[in-house]
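Student: Could we go through this structure together, asking at each step what a word is based on?
Tutor: Gladly; let us look at it and take the words one by one.

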Amino acid sequence: MTETPQAPLSLRHRIEDRTIGALVGAMRLLPYKTRVRAMGWIARNILAPLALNKRTRANLAYIFPDMPEAEVRAVCRDVADNFGRAMMELHSGAEFARYAADMPIHGPGLAALDQAHAENRPVILVTAHYGNYDAWRAALTARGFRVGGLYKPMSNPASNARYVATIESIAKPLFPSDKHGMADMVRFLRAGGMLGMLVDHYMSHGELLDFLGKPAWTATSAAKLALKYNALLVPGYATRNADGFSFAIDVEEPIPHSDATTMTQALNDSAAARVMAHKGQWFWLHRRWKNTPDNP
């Protein structure tokens with residue numbers, strides 16, 4: 001795999017990384033379930049009022065202007081709890097992967113994945129910032145699939161190095177979304193690999209498509225890759241169960257090939273259905289609908 005050049009480390013980068021490293025290191029001294037539960041508590045009770053609730057509330061008000069206050073508070077609580085647990089799970093690396101590996105995989109698209117794997121046909125696996133988006137990657141890898149992941153490098157090179165190391169311990173290969181990573185990713189796809197992508201972020205150079213009833217700038221790259229390399233385009237999700245630790249892992253039917261816009265709208269509709277069913281499991285923490293006609 002081609003090495004991506006690293007940006008120079010500033011003093012701020014070093015301080016931030018050591019602070020995060022100390023917190024994660026201290027939490028990892030605890031048993032797995034204890035640390036995941038504890039990080040959920042920290043996110044609910046400390047991070048949420050300080051930083052998380054403001055964006056969650058703004059997005060909920062935009063999409064659900066009539067949502068009762070009690071439900072808003074409940075969603076904010078659940079979003080923060082899931083966010084904290086997911087971050088600790090990701091930073092638990094191989095432990096989380098071993099835990100997720102035993103979770104059953106369901107859904108009508110699983111047979112299509114098995115067939116694609118047997119035929120060495122590439123697959124684009126698409127998910128959202130929902131539940132824990134690495135749980136299904138670990139579960140599919142444990143099933144014997146070659147599941148790569150495309151990720152956006154962090155601005156802090158030191159934190160990025162730690163992040164990449166821990167998510168590589170869940171499943172690999174991983175490809176940074178730069179020219180070096182994209183070239184490796186294309187070779188992986190052409191060899192019949194399965195590539196995981198998150199497509200529910202704001203994308204300024206995307207297309208204005210519906211998401212949860214509002215226009216949102218959306219990346220069409222997953223659909224374009226599927227069309228270019230004759231890959232299956234398959235939505236998949238890991239929904240956190242009521243116990244707070246296990247997941248229901250579902251693989252949906254492949255999106256039929258047509259054109260990139262139609263296929264991407266189908267992906268948006270798929271993710272929106274999951275959000276509507278489990279509002280507290282989507283990361284309402286991004287400005288998903290910014291720079292649109294009614295939300296500048």
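Student: How many residues apart are Asp184 and Arg187 in helix α8, and what does that separation amount to?
Tutor: This is a predicted model, and in it Asp184 and Arg187 are 3 residues apart in helix α8, residues 179–190, which is a separation of about one helical turn.

Student: What makes their pairing a salt bridge?
Tutor: A salt bridge needs a side-chain nitrogen of Lys or Arg within 4 Å of a carboxyl oxygen of Asp or Glu. The N to O distance between the side chains of Arg187 and Asp184 is 2.4 Å, so the pair meets that condition.

Student: Is Asp184 called buried or exposed, and how do you know?
Tutor: Buried means under 20% relative accessible area, and because Asp184 has 7%, it counts as buried.

Student: Why is the pair of Arg274 and Asp250 said to tie parts together?
Tutor: Their closest N and O atoms are 3.2 Å apart, and they form a salt bridge. Arg274 lies in helix α10 (residues 260–277) while Asp250 lies in strand β9, so the pair ties together parts that are 24 residues apart in sequence. Arg274, at 17% relative accessibility, counts as buried, and Asp250 is buried as well, with 19%.

Student: How do you know that the buried residues of α5 line one face of the helix?
Tutor: The buried residues of helix α5 are Leu110, Ala112, Leu113 and Ala116. Seen down the axis of α5, they fall within an arc of 155°, so they line one face. On the other side of α5, Ala111 and Ala118 are exposed.

Student: Which elements do the buried residues of α5 pack against?
Tutor: Among them are β2, α6 and β9. Leu113 is also one of the residues with the most contacts inside the largest nonpolar core, which has 47 residues.

Definitions and conventions: Residues numbered from 1 in each chain as written. Predicted model: local features only at pLDDT ≥ 70, side-chain atom pairs only at ≥ 80, totals over all residues. Heavy atoms only, no water. Core = buried A, V, L, I, M, F, W, Y, C linked by side-chain atoms within 4.5 Å. Buried < 20%, exposed > 50% of the residue type's maximum accessible area, 1.4 Å probe, protein only. Helix = DSSP H or I, 4+ residues; strand = E, 2+ residues; numbered from the N terminus. Arc of directions from axis to C-beta. Contact = heavy atoms within 4.5 Å.
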